[in-house]
Amino acid sequence: MKRFFSILAIVFLMAFGTANATTNAATVATAVVTIQNDADDTTEADAVEDKSFHQELKQRFIEGGPGFMGIVLLCLILGLAIAIERIIFLNLSTTNTKKLTQNVEDALESGGIEAAKEVCRNTKGPVASIFYQGLDRADESLESAEKAVVAYGGVQMGQLEKNVSWISLFIALAPMLGFMGTVIGMIQAFDKIQSAGGMDATLVAGGIKVALLTTVFGLIVAIILQIFYNYIIAKIDSIVNDMEDSSITLMDMLARYKK
């Protein structure tokens, strides 16, 4: 009998331990599933956040209508293309004027006009071109050299400002197209109200949304191009100031060389 009770006790303990182990395993499994579900929810939320800007921009662009939005986008593409080309050209046209002036002055003292002209030929930029034109007329007179510098300075300024007016055109055109889309969207909204014979928010919402989207995108394009335009104008002004200062320095050098 004792043996029977001992066997029952062992069976009870084993069953209780198994139940506890099963309960613990189920608890752990539930926790793992919960953590995994939370991680999946977090991943899905992150995916929604990651795609929000690009997808939202694309959706708003489509909602604005392909007509005016396409024209506004074309203004942005053309304006950026011209702006990038001008920035590259202006950066290549930038010259270390102090170094160039010193090299030209040293060449004048050591080898004369021809040596100074050779230095200008080997240097890129509008300042070196102006120096070359002034040195090329130096044998005639200082007045001739000054006239050549002034005339060629105007030519170089025109090269620096080439196509910049197109950027200002696109800056003005983009918001104007946006405002036109706004007016057309409002007209469409009122047409729907008139056709329905009553005031319904759902009828007006679509037209007003198109109107506001075209205005927003037009203003965004104008702001982007305005930043590039101001940088280009500042760069041109800097180069022009270097040209003017260098021209005065060149005339002083030629005056000392003539004595």
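Student: How many residues does the protein chain have, and what share of them count as buried?

Tutor: Buried means under 20% relative accessible area, exposed means over 50%, and partly exposed lies in between, with a 1.4 Å probe and protein chains only. Of the 259 residues in this protein chain, 29% count as buried. Keep in mind that this is a predicted model, where local features need pLDDT of at least 70, side-chain atom pairs count only at pLDDT 80 or more, and totals for chains, interfaces and linings use all residues. Residues are numbered from 1 along each chain as its sequence is written, and side-chain values use heavy atoms, with hydrogens and water left out.

Student: Thanks! What does the secondary structure of the protein chain come to?

Tutor: Helices (H or I, at least four residues) and strands (E, at least two) are DSSP runs, numbered from the N terminus. Here there are 8 helices and 0 strands, so the numbering from the N terminus applies to helices. Along the sequence the pattern reads α-α-α-α-α-α-α-α.

Student: Which residues of helix α4 are buried?

Tutor: Start with the general idea. An α-helix has 3.6 residues a turn, so residues three or four places apart point the same way. In helix α4, residues 113-121, the buried ones are I113, A116, K117 and C120. These four cover an arc of only 100 degrees around the axis, which puts them on the same side of α4. The arc is that of the directions from the helix axis to the C-beta atoms.

Student: And which residues are buried in α5?

Tutor: The buried residues of α5 are P126, V127, A128, I130, F131, Q133, G134 and L135. That is 8 of the 11 residues of α5, so this helix is largely enclosed by the rest of the structure.

Student: Next, salt bridges. How many does the structure hold?

Tutor: Side chains of opposite charge can pair when their charged atoms come close. The cut-off is a side-chain nitrogen of Lys or Arg within 4 Å of a carboxyl oxygen of Asp or Glu. By that rule the structure holds 6 salt bridges. One of them joins the side chains of E105 and R256, at 3.4 Å from N to O. E105 lies in helix α3 (residues 97-111) and R256 in helix α8 (residues 201-258), so this pair ties together parts that are 151 residues apart in sequence. E105 itself counts as partly exposed, at 23% relative accessibility.

Student: Where do K117 and D136 lie, the pair that links distant parts of the chain?

Tutor: Their side chains meet in a salt bridge, 3.0 Å from N to O. K117 is in helix α4 and D136 is in helix α5 (residues 126-136), 19 residues apart. K117 is buried, with a relative accessible area of 8%, whereas D136 is partly exposed at 30%.

Student: How many residues apart are R121 and E118?

Tutor: R121 and E118 both lie in helix α4, 3 residues apart, which is about one turn of the helix. Salt bridges that share partners also join E114, K117, D136 and R137 into one network. Back to R121 and E118: the closest N and O atoms of their salt bridge are 2.7 Å apart. R121 is partly exposed, with a relative accessible area of 43%, and E118 is partly exposed too, at 36%.

Student: What does L177 touch, not counting residues up to four places away in sequence?

Tutor: Contact means heavy atoms within 4.5 Å. With that rule, L177 touches F68, I71, V72 and C75. L177 lies in helix α7 (residues 164-196) and is buried, with a relative accessible area of 11%. The C-alpha atoms of L177 and L219 are separated by 9.7 Å, though the two residues are 42 apart along the chain. For the protein chain as a whole, residues 24 or more positions apart account for 78% of the contacts with a separation of 6 or more.

Student: Where is N163 placed?

Tutor: N163 sits in the loop between α6 (142-160) and α7. Its phi is near 70 degrees, a positive value in a residue other than glycine. At 31% relative accessibility, N163 counts as partly exposed.
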